[in-house]
Amino acid sequence: ASLLHSTIWNYSASNTHEGGDSWNTEDLSIYSSTTGEGRAVHGFSRPYAPAVSGTPLEMRFDAKTGFFELVWDAVPGETEVYVPAHWYPRGMDTSEISSGLHVREDRDAQRMYVESGVSGTMRIRLCPRV
């Protein structure tokens, strides 16, 4: 709702499950050297639009349903949306998009590219494919 992709509290390369962040008895790091991977990835990695062809008006994500919506005042060009595979393991339903938009998915890069040839208010809605 604030047009931000996420907020990351802490990244501590030395974080372990046993010792936490080694600061103030906290254990808030998004990484754990115990397992060598991210922690609570669903909490901080979510869909967002890093590049919008026009002016973003609304961007929201519902972590309970995987529903993502982007509304923007488009100018002709390409908008890029980061679509993390862990939220859409079977792909995404892109049936709710404004007319005049062309969608291209790159699942390997976890990106969706939305091409607009016209100006005006555009909307895309994504949800996990079941």
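## The open sheet

In what order do the four strands of the open sheet follow one another, and is their pairing parallel or antiparallel? In this predicted model, the order is β4-β5-β10-β7, and the strands pair in antiparallel fashion. The edges of the sheet are formed by β4 and β7, each of which pairs on one side only. From one strand to the next, the twist averages 15°.

Strand β5 covers residues 67-74 and is joined to β4 by eight bridges, the two strands running antiparallel. Thr55 has Asp73 in β5 as its bridge partner, and Arg60 stands opposite Glu69 in β5. The two strands form a hairpin with four residues between them. Within the turn of this hairpin, Gly66 has a positive phi of about 80°.

Strand β5 is also joined to β10 (residues 120-128), here by seven bridges and again in an antiparallel arrangement. In this pairing, Phe68 stands opposite Leu126 in β10. Six of the eight residues of β5 are buried, so the strand is largely enclosed by the rest of the structure.

## The aromatic pair Phe61 and Trp87

A pair of aromatic rings is described by the distance of the centres and the angle of the planes. The model has two aromatic pairs. In one of them, the ring centres of Phe61 and Trp87 lie 4.9 Å apart and the planes meet at 80°; because planes over 60 degrees apart count as edge-to-face, the pair falls in that class. The pair links distant parts of the chain, its members being 26 residues apart. Phe61 belongs to strand β4 (residues 54-62), while Trp87 is in the loop between β6 (77-82) and β7 (92-97).

Are the two partners buried or exposed? Phe61 has a relative accessible area of 19% and is therefore buried, the limit being under 20%. Trp87, at 12% relative accessibility, also counts as buried.

## Ser45 and its surroundings

Ser45 is placed in the loop between α1 (41-44) and β3 (48-51). With a relative accessibility of 11%, Ser45 counts as buried. Apart from neighbours within four places in sequence, the contacts of Ser45 are Tyr82, Pro84, His86 and Trp87. Trp87, one of these contacts, is the residue whose ring pairs with that of Phe61.

Which residue receives a polar contact from the side chain of Ser45? The partner is Tyr82, whose side chain makes this contact at 3.4 Å.

## Tyr82 in strand β6

Tyr82 lies in strand β6 and counts as buried at 15% relative accessibility. Once neighbours within four places in sequence are set aside, Tyr82 is in contact with Ser45, Arg46, Pro47, Tyr48, Pro50, Gln110 and Arg111. Among them, Ser45 is joined to Tyr82 through the side-chain polar contact of 3.4 Å.

Gln110, another residue in contact with Tyr82, is 28 residues away from Tyr82 in sequence. In space, the C-alpha atoms of Tyr82 and Gln110 are 6.0 Å apart.

How values were computed. Residues are numbered from 1 along each chain as its sequence is written. This is a predicted model: local features need pLDDT of at least 70, side-chain atom pairs count only at pLDDT 80 or more; totals for chains, interfaces and linings use all residues. Side-chain values use heavy atoms; hydrogens and water are left out. Rings of Phe, Tyr and Trp (its six-membered ring) pair if their centres lie within 6.5 Å; planes under 30 degrees apart count as stacked, over 60 as edge-to-face and the rest as tilted. Buried means under 20% relative accessible area, exposed over 50%, partly exposed in between (1.4 Å probe, protein chains only). A polar contact is a pair of N or O atoms within 3.5 Å; within protein, one must be able to donate a hydrogen and the other to accept it, and residues adjacent in sequence count only if both atoms are side-chain atoms. Contact means heavy atoms within 4.5 Å. Two strands pair if DSSP finds at least two bridges between them. Axes are lines fitted to C-alpha atoms, for helices over the stretch in contact, and angles run from 0 to 180 degrees between N-to-C directions.
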